[in-house]
Amino acid sequence: MKVLLLTSYYPPEVRSASQLMNELAQGLVEREHSVIVVTPLSGYNLVDRRSNSKHEGRFVSQEDGVTVVRVPAAHFQMVHPLMRGFGHLVLPFSFLVGSFFSGRVDIISVYSPPLVTALGALFISKLKRVPFVVNVQDLFPKNAIDLGILRNTWAIKFFRVIENLVYKHATRIVVHSEGNSQAIKANVSNPSRVVVLHNWVDLNAYSISTNSQVFASKHDLEGLFLVLFAGVMGYAQDLENVIMAARQLQNEAKIAFLLIGDGMEKTLLVKKTKVLGLTNVRFLPWVSPKEYPQVVSESHVGLVTLKETMKTPVVPSKLLGYMAAGKPVVASVNPESDAITIVKQAKCGLSVEPGNSQVLADAIRHIYRLPDQGREMGKRGRVYAETNFAKEVILNQYENILQQSLLS
């Protein structure tokens, strides 16, 4: 097959979505398919701004067997989410331009969010007369409505129209959890087109000695019980609740909160930490995908946090990394989230009421004071990840979905 992969996230960006799409592209190449990726020139979520310089002025490049077309596009990550939603409307046209460099293709695979990327896939599929498969990671506009970000009736109707168009014309709609599947099936005429396929994790990358202290030594964190959050620090992640939990654990001298990444809320979070006089919270910039498994292996608890109003059944990819590394999880998300289901099925951590800093602090303290229980949770998480999220197994399944879509 010759696959056109459309995604707003691709290296050198370091967020989990970029890693997933890079592994999908390279996985398909390893399976002897031809892959062309069309993606915007990166502007945010970089380990080093200089990492983007090698792509400047190069519209098309070859990267580990993958043809990558980087299209100019405005970046809206550091603005209000509603503005970001409307700003993304230029993306379909950028992807359309980039697709002219792909030549003939057999099928299109597109990552959503943002939803309008999938609208671009619809345009291109009509132009090239090929099917497209949409990989839905988050339910927009439902998530924005739940968070109270999207309230305007006309704006909601506008994005609903786009959503319905995409779902109507996609040959397959791939979702990463059963909850997402049920939500989409309720709004499509042919539910059989909706396929549940878990996100994957590279288990080998997380097979690191737990005695290593390379990262901790580098950042003066040795001997501490590290509570890790790594990722986008946005409104939905509810990290203010994490800061308040850190405040309640200030007297536990060995417990330290490690927040890695960037986002709209980071400046406010840093300021709040200083105002409260907290000494147990460390902020660090993005780390590279190669360094990230080392960070997780040296941590002791992995945090998964979302606002209580976030009712979509999303499964943050960071959960899979914690499980692959054999680390206990504390999940502070809405009970409707499929992340809670996974944590309970795997028995790999504790689930607490979202938005409640006291119960979050208590859960972290529990694992800190009962380390044997924490280690057992981590072991169970690793076993569950090996059974359900192995990269090679799920990439084989994704390949089959693409091949079946060609026959539809």
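The model is predicted, so to speak of a local feature a pLDDT of at least 70 is needed and side-chain atom pairs count only at pLDDT 80 or more, while totals for chains, interfaces and linings use all residues. Residues are numbered from 1 along each chain as its sequence is written, and side-chain values use heavy atoms, with hydrogens and water left out.

Let us begin with the strands. Helices (H or I, at least four residues) and strands (E, at least two) are DSSP runs, numbered from the N terminus, and two strands pair if DSSP finds at least two bridges between them. Eight strands make up an open sheet with mixed pairing, in the order β3-β4-β2-β1-β5-β6-β7-β8. Its edges are β3 (60–63) and β8 (194–196), each of which pairs on one side only. On average, neighbouring strands of this sheet are turned by 25° against each other, direction ignored; axes are lines fitted to C-alpha atoms, for helices over the stretch in contact, and angles run from 0 to 180 degrees between N-to-C directions. Within this sheet, four bridges pair β1 and β5 in the parallel sense, and L5 stands opposite S109 in β5.

A further open sheet has six strands, ordered β11-β10-β9-β12-β13-β14, with parallel pairing. Here β11 (281–284) and β14 (349–352) are the edge strands, each pairing on one side only. Strand β10 (residues 255–262) runs parallel to β11 and is joined to β11 by four bridges, and I260 has L284 of β11 opposite.

Helix α9 (residues 239–248) lies across β9 (225–232), β10, β11, β12 (301–305) and β13 (329–332), and runs at about 160° to β10. Helix α13 (residues 338–346) also packs on the sheet, where α13 touches β13 and β14 and makes an angle of about 145° with the direction of β14. Contact here means heavy atoms within 4.5 Å.

Next come some loops with backbone details to look for. Most residues other than glycine have a negative phi, and most peptide bonds are trans. The peptide bond from P11 to P12 is cis, with omega near 20°, and P12 is found in the loop between β1 (2–6) and α1 (16–30). Another cis peptide bond leads from P113 to P114, with omega near -5°; P114 lies in the loop between β5 (107–112) and α4 (115–128).

Two residues other than glycine have a positive phi: R129, near 60°, and D220, near 55°. R129 sits in the loop between α4 and β6 (132–136). D220 belongs to the loop between α8 (214–218) and β9. Are these residues buried or exposed? R129 counts as exposed because its relative accessibility is 79%, and D220 counts as exposed because its value is 67%. The cut-offs are under 20% relative accessible area for buried and over 50% for exposed, with partly exposed in between (1.4 Å probe, protein chains only). In the loop between α9 and β10 you will find N251, also exposed, at 76% relative accessibility. N251 and T312 are 61 residues apart in sequence and 35 Å apart in space, C-alpha to C-alpha.

On a 1 Å grid over the protein atoms alone, a cavity is a set of points where a 1.4 Å probe fits but cannot get out, and a pocket is an open set with protein on both sides within 12 Å along at least five of seven lines; lining residues have an atom within 4 Å of a point. Grid points are joined across faces, edges and corners, and a volume is the space filled by probe spheres set on the points.

The second largest pocket holds about 340 Å³ of space. Of its 16 lining residues, the closest to its centre are S299, H300, K327, P328 and R375. Helix α15 gives the largest share of this lining, five residues.

How many cavities of 30 Å³ or more are there? The count comes to one. The largest cavity has a volume of about 40 Å³, and its lining is formed by H176, H198, N199, V315, L320, I342 and F389.
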